[in-house]
Amino acid sequence: MKRTQKLKKNLIQKTSNVKTMVDSKLNKFIHYIKQYTNLTLEEENHLKRLVRYKQFVKQETIFSSGSVSNEIYFVIKGCVRLYYNVDENDKTAFFYTEGQFICAGESYTYKVAAKENYQALEDTEICVLSREAIEELLSISPVFEVIARIAVENELLTAQRIIACFVTQSAEERYKDLLSHQGDLFLRVPQQYIATFLGVSPETLSHIKARVFK
């Protein structure tokens, strides 16, 4: 009897600890949203009710091409790689880190099969908003339009940055730009992914690094 009561007490305590941890993660997401719009306590509670918190281990796939995207993600902690399958090879297009939305925009908007793949490069924590959750939030208050707007704008800016850097910069210039703006990625991301992101082979990346740091 005492053993059963102790187990029950421990289970209650663990459940409480998990809830506290999840609430802490969701508060980070809410804090980010509040940088763009004011939220009432009631609106914050609706967000906490409808946003899901998920964890992915290093190298785990978050979303695969060929699927229809019905979710928008927000990175709480970790690093996520966006890549495409091109001629049976992975081509890295972007890296998302803390404080960024992730959305397979065309697939989500038009309900078509996505070309994007998203992979956790570190143990990663994300907030997930399903299409149904977003529709419910919008029915509650128009203030939640800001979430969809920020996610779409982030995706558009990401696409524009990728195109612009390949059109206007050499591989070495892209390397220097990445080093200047997201230098921490070189400590967090395997070099082969950095190379494909820059559009060069790992050997060429080594030569670029040698020139930059000579």
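Predicted model: local features only at pLDDT ≥ 70, side-chain atom pairs only at ≥ 80, totals over all residues.

Visitor: What does the protein consist of, overall?
Guide: The protein has nine helices and eight strands. Its C-alpha atoms fill a box of roughly 70 × 45 × 30 Å along the principal axes. Of its 214 residues, 43% count as buried, that is, under 20% relative accessible area.

Visitor: Which residues make the contact of α6 with α8?
Guide: From α6 come A171, R174, Y175 and L178, which meet I194, F197 and L198 of α8. By class, six of these residues are nonpolar, none is polar and one is charged.

Visitor: Why are α8 and α9 called roughly perpendicular?
Guide: The axes of α8 and helix α9 (residues 202-212) cross at roughly 90 degrees. The class covers 65 to 115 degrees, and α8 and α9 are therefore roughly perpendicular to each other. The axes come within 9 Å. Q191, I194, A195 and L198 of α8 make the contact with P202, L205 and K209 of α9. Those residues divide into five nonpolar, one polar and one charged.

Visitor: Which residues of α8 are buried?
Guide: They are Y193, I194, A195, F197 and L198. Of these, I194 and L198 are listed in the contact with α6 and also in the contact with α9. After α8 comes G199, with a positive phi near 80 degrees.

Visitor: How do you know that the buried residues of α2 lie on the same side of the helix?
Guide: In helix α2 (residues 41-50), the buried residues are E43, E44, H46, L47 and L50. They cover an arc of only 160 degrees around the axis, which puts them on the same side of α2. An α-helix has 3.6 residues a turn, so residues three or four places apart point the same way. The face of α2 turned away from the buried side carries L41 and E42, which are exposed.

Visitor: What share of the contacts with a separation of 6 or more joins residues 24 or more positions apart?
Guide: In this protein, such residues account for 72% of those contacts.

Conventions
Residues numbered from 1 in each chain as written. Heavy atoms only, no water. Contact = heavy atoms within 4.5 Å. Helix = DSSP H or I, 4+ residues; strand = E, 2+ residues; numbered from the N terminus. Nonpolar A, V, L, I, M, F, W, Y, C, P; charged D, E, K, R; others polar. Buried < 20%, exposed > 50% of the residue type's maximum accessible area, 1.4 Å probe, protein only. Arc of directions from axis to C-beta. Axes fitted to C-alpha atoms, helices over the stretch in contact; angles between N-to-C directions. Parallel < 35°, antiparallel > 145°, perpendicular 65-115°, else oblique.
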